[in-house]
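Visitor: I have a structure on my screen and would like to learn how to read it. Can you walk me through it, one feature at a time?

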Amino acid sequence: MNASSWTTVCPVERLVPERGVPALVDGVQVAVFRLADDRVLAVQQRDPYSGANVLSRGIVGSAGETPTITSPMYKQVWDLVTGGCLDPSGKEPEDLRTFEVSVVDGTVLVRA
(Lines give C-alpha, C1' and ligand atoms only; values in the text may rest on other atoms or scores of the structure.)
Protein backbone atom coordinates (compact mmCIF):
# COMPACT_ATOMS: atom_id res chain seq x y z
CA MET A 1 0.00 0.00 0.00
CA ASN A 2 1.38 3.39 -1.03
CA ALA A 3 1.33 5.40 2.23
CA SER A 4 1.24 8.75 0.44
CA SER A 5 -2.12 7.97 -1.19
CA TRP A 6 -3.89 7.25 2.11
CA THR A 7 -5.00 9.73 4.79
CA THR A 8 -4.87 8.68 8.45
CA VAL A 9 -8.23 9.40 10.09
CA CYS A 10 -8.08 8.02 13.65
CA PRO A 11 -7.65 4.85 15.72
CA VAL A 12 -10.55 2.50 14.95
CA GLU A 13 -11.44 2.20 18.65
CA ARG A 14 -12.33 5.92 18.67
CA LEU A 15 -15.16 5.26 16.21
CA VAL A 16 -18.42 4.47 17.96
CA PRO A 17 -20.31 1.70 16.13
CA GLU A 18 -23.32 2.94 14.14
CA ARG A 19 -22.15 6.58 14.39
CA GLY A 20 -20.37 8.71 11.84
CA VAL A 21 -17.45 11.12 12.07
CA PRO A 22 -16.30 13.75 9.59
CA ALA A 23 -12.77 13.68 8.18
CA LEU A 24 -10.83 15.72 5.65
CA VAL A 25 -9.23 13.53 2.96
CA ASP A 26 -7.17 15.29 0.29
CA GLY A 27 -9.25 18.43 0.80
CA VAL A 28 -12.57 16.55 0.53
CA GLN A 29 -14.99 16.27 3.43
CA VAL A 30 -15.74 12.59 4.10
CA ALA A 31 -18.17 10.84 6.47
CA VAL A 32 -16.61 7.74 8.08
CA PHE A 33 -18.75 5.04 9.72
CA ARG A 34 -17.90 2.02 11.85
CA LEU A 35 -20.68 -0.55 11.59
CA ALA A 36 -21.83 -2.97 14.31
CA ASP A 37 -19.87 -5.75 12.54
CA ASP A 38 -16.71 -3.55 12.75
CA ARG A 39 -16.57 -2.79 9.01
CA VAL A 40 -15.50 0.79 8.37
CA LEU A 41 -16.99 2.60 5.37
CA ALA A 42 -16.71 6.14 4.02
CA VAL A 43 -18.84 8.31 1.76
CA GLN A 44 -18.89 11.99 0.89
CA GLN A 45 -19.90 14.27 3.75
CA ARG A 46 -21.94 16.57 1.48
CA ASP A 47 -25.64 15.78 1.23
CA PRO A 48 -26.32 16.16 -2.53
CA TYR A 49 -29.91 17.29 -1.92
CA SER A 50 -29.33 20.05 0.65
CA GLY A 51 -25.70 20.88 -0.14
CA ALA A 52 -24.87 20.74 3.58
CA ASN A 53 -21.91 18.76 4.91
CA VAL A 54 -23.97 16.68 7.37
CA LEU A 55 -23.99 13.01 6.37
CA SER A 56 -21.73 11.98 9.26
CA ARG A 57 -24.65 13.03 11.49
CA GLY A 58 -27.09 10.82 9.60
CA ILE A 59 -28.87 7.73 10.87
CA VAL A 60 -27.05 4.44 10.23
CA GLY A 61 -29.42 1.58 9.46
CA SER A 62 -29.95 -1.22 6.99
CA ALA A 63 -32.14 -2.34 4.12
CA GLY A 64 -31.99 -6.11 4.47
CA GLU A 65 -28.27 -6.91 4.54
CA THR A 66 -27.30 -3.54 3.05
CA PRO A 67 -25.89 -0.94 5.47
CA THR A 68 -27.46 2.47 4.90
CA ILE A 69 -27.17 6.10 5.88
CA THR A 70 -30.21 8.38 6.10
CA SER A 71 -29.65 12.10 5.68
CA PRO A 72 -30.47 14.22 8.72
CA MET A 73 -31.77 16.91 6.34
CA TYR A 74 -34.40 15.56 3.92
CA LYS A 75 -34.24 11.85 4.89
CA GLN A 76 -32.89 10.39 1.65
CA VAL A 77 -31.36 6.93 2.14
CA TRP A 78 -28.12 5.63 0.56
CA ASP A 79 -26.28 2.32 0.44
CA LEU A 80 -23.07 2.85 2.45
CA VAL A 81 -21.16 0.29 0.37
CA THR A 82 -21.99 1.49 -3.16
CA GLY A 83 -23.23 5.03 -2.52
CA GLY A 84 -26.39 4.24 -4.48
CA CYS A 85 -29.50 6.20 -3.57
CA LEU A 86 -32.12 3.76 -2.24
CA ASP A 87 -34.87 6.26 -1.38
CA PRO A 88 -34.70 9.68 -3.03
CA SER A 89 -37.85 10.82 -1.16
CA GLY A 90 -39.63 12.16 -4.23
CA LYS A 91 -36.56 13.64 -5.95
CA GLU A 92 -34.29 12.43 -8.73
CA PRO A 93 -31.83 9.87 -7.26
CA GLU A 94 -28.33 11.20 -6.65
CA ASP A 95 -25.64 8.76 -5.59
CA LEU A 96 -22.88 9.41 -3.07
CA ARG A 97 -19.19 9.19 -3.78
CA THR A 98 -17.62 6.34 -1.82
CA PHE A 99 -14.05 6.13 -0.55
CA GLU A 100 -11.71 3.21 -0.08
CA VAL A 101 -11.07 2.45 3.60
CA SER A 102 -8.42 0.30 5.23
CA VAL A 103 -7.74 -0.47 8.88
CA VAL A 104 -4.03 -1.10 9.45
CA ASP A 105 -2.69 -1.87 12.92
CA GLY A 106 -5.84 -0.41 14.47
CA THR A 107 -5.68 2.84 12.45
CA VAL A 108 -8.37 3.92 9.96
CA LEU A 109 -6.99 5.07 6.61
CA VAL A 110 -9.09 6.56 3.79
CA ARG A 111 -8.10 7.08 0.17
CA ALA A 112 -9.79 9.71 -1.99
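Predicted model: local features only at pLDDT ≥ 70, side-chain atom pairs only at ≥ 80, totals over all residues.

Visitor: What holds paired strands together in general?

Guide: Strands of a sheet pair through backbone hydrogen bonds, either parallel or antiparallel. For a case here, take strand β4 (residues 40-44) and strand β9 (residues 98-104), which run antiparallel and are joined by two bridges.

Visitor: Which residue in β9 is the bridge partner of Ala-42?

Guide: Ala-42 has Phe-99 as its bridge partner in β9. Then follow β9 to strand β10 (residues 107-111): these two pair in the antiparallel sense over five bridges. Within that pairing, Glu-100 stands opposite Arg-111 in β10.

Visitor: How many residues lie between the strands in the hairpin of β9 and β10?

Guide: There are two residues between the strands, and Asp-105 in this hairpin takes a positive phi near 50°.

Visitor: Now the sheet that holds β5. What is the strand order, and is the pairing parallel or antiparallel?

Guide: The order is β5-β6-β7-β8 in an open sheet of four strands, and the pairing is antiparallel. Its edge strands are β5 (59-63) and β8 (85-87), each of which pairs on one side only. From one strand to the next, the twist averages 40°.

Visitor: What about the side chains on a strand, how should I picture them?

Guide: In a regular strand the side chains alternate between the two faces of the sheet. Now step through the pairings in this sheet. β5 and β6 run antiparallel and are joined by five bridges, with Val-60 opposite Ile-69 in β6. These two strands make a hairpin with two residues between them, and Gly-64 in the turn has a positive phi of about 70°.

Visitor: And how many bridges join β6 to β7?

Guide: Three bridges join strand β6 (residues 66-70) to strand β7 (residues 77-79), and the two run antiparallel. To trace them on your screen, find Thr-68, whose bridge partner in β7 is Asp-79, and Thr-70, which stands opposite Val-77 in β7. The hairpin of β6 and β7 has six residues between the strands, and Lys-75 there takes a positive phi near 70°.

Visitor: Why is β6 called largely enclosed?

Guide: Burial is a matter of relative accessible area, and under 20% counts as buried. Four of the five residues of β6 are buried, so the rest of the structure largely encloses this strand.

Visitor: Let's do aromatic rings. How many aromatic pairs does the count come to?

Guide: One aromatic pair. The rings of Tyr-49 and Trp-78 have their centres 5.9 Å apart and their planes at 35°, so this pair is tilted. Tyr-49 is in the loop between β4 and β5 while Trp-78 is in strand β7, so the pair ties together parts 29 residues apart in sequence. Both Tyr-49 and Trp-78 are buried.

Visitor: I always check cysteines. How many disulfides does the count come to?

Guide: A disulfide is a covalent bond between the sulfur atoms of two cysteines. The count here comes to zero disulfides. Cys-10 is buried at 12% relative accessible area, and Cys-85 is buried at 15%.

Visitor: Last one: which residues does the UniProt annotation "domain: Rieske" cover?

Guide: That annotation, from an unreviewed UniProt entry, covers residues 7-110. Over residues 7-110 the chain is 0% helix and 49% strand, with the end C-alpha atoms 5 Å apart. Look at Thr-7, which is found in strand β1 (residues 7-11). Thr-7 is buried, with a relative accessible area of 19%. Among the residues Thr-7 touches, not counting those up to four places away in sequence, are Leu-24, Asp-26, Val-108 and Val-110.

Definitions and conventions
Residues numbered from 1 in each chain as written. Heavy atoms only, no water. Buried < 20%, exposed > 50% of the residue type's maximum accessible area, 1.4 Å probe, protein only. Contact = heavy atoms within 4.5 Å. Pairing = 2+ DSSP bridges. Axes fitted to C-alpha atoms, helices over the stretch in contact; angles between N-to-C directions. Disulfide = S-S within 2.5 Å. UniProt positions renumbered as here; feature names shortened; annotations may be inferred. Phe/Tyr/Trp six-rings, centres within 6.5 Å; stacked < 30°, edge-to-face > 60°.
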